[in-house]
Amino acid sequence: MTQAPDRITLLAAKTATHSIIWLHGLGADGNDFAPVIPLLELRPTTRVILPHAPVRPITVNNGMNMRGWYDIKNFDLNPADEDLAAIKDSTAAIAAIAAEEQAQDIPADHILYAGFSQGGVIALYYGLRHPCGGILALSTYLADAANTPAADCGHCPPILQMHGTQDPVVPYRLGRLAHEQLKHKGYAPQWHDYPMQHQVCPPQIADIAVWLHERGY
């Protein structure tokens with residue numbers, strides 16, 4: 001069984017009934033979104049887990065070692081060059097965290113997967129294939145789109161996609177393409193965009209808070 005990665009855990013103020021597993025982007029770590037969590041004013045029964053990706057060489061950064069959920073071989077994010085082996089390894093690591101949460105009496109449909117950029121890729125990849133409480137996909141795209149499972153009555157999680165219209169790292173068009181691909185597969189993703197680059201902004205954080213609160217987090 002794959003070992004769960006190191007992480008930061010923000011404990012619930014009361015007995016936890018819901019969990020959010022929030023994945024950072026390339027070159028960051030679990031601390032990246034820690035300052036955002038208090039701004040969301042989550043329910044006191046929500047636990048937040050911020051895993052650290054492993055350190056690996058990243059091709060587009062001249063092979064430099066940094067934290068990443070998978071390698072990126074070109075800035076075009078060409079589907080033919082996707083590092084699916086590492087994507088699958090990373091989703092297995094997230095599955096190990098989810099298993100720990102379920103062992104602490106958090107049902108699968110009360111675990112929500114959130115991620116920014118690379119982390120969003122992993123959140124989508126895992127959340128679309130396993131029962132969950134929802135997927136929050138920030139400034140990201142859909143990996144292995146051709147093999148993304150179709151929605152069905154047994155698994156059609158709520159999905160919120162958010163993207164900056166001026167994003168120079170994950171182009172806006174890739175976020176919109178992912179949105180259309182998900183709809184084509186039968187999902188009903190919500191879409192929000194903001195006049196920003198590869199980042200998050202205060203109006204977006206407010207929108208995330210509303211969406212999470214509506215779902216019990």
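Trainee: What is the strand order in the open sheet?
Mentor: Strands of a sheet pair through backbone hydrogen bonds, either parallel or antiparallel. Here the model is predicted, local features need pLDDT of at least 70, side-chain atom pairs count only at pLDDT 80 or more, and totals for chains, interfaces and linings use all residues. Residues are numbered from 1 along each chain as its sequence is written, and side-chain values use heavy atoms, without hydrogens and water. The open sheet has seven strands in the order β1-β3-β2-β6-β7-β8-β9, with mixed pairing. Its edge strands, each pairing on one side only, are β1 (7-10) and β9 (190-194). Strands are DSSP runs of E with at least two residues, helices runs of H or I with at least four, numbered from the N terminus; two strands pair if DSSP finds at least two bridges between them.

Trainee: How many bridges join β8 to β9?
Mentor: Five bridges join β8 (residues 159-164) to β9, and the two run parallel. His-163 has Asp-193 in β9 as its bridge partner.

Trainee: Which classes of residue line the largest pocket?
Mentor: Rolling a probe the size of a water molecule over the atoms shows where empty space is left. The lining of the largest pocket has 12 nonpolar residues (Ala, Val, Leu, Ile, Met, Phe, Trp, Tyr, Cys and Pro), six polar and no charged ones (Asp, Glu, Lys and Arg); the others, Gly among them, count as polar.
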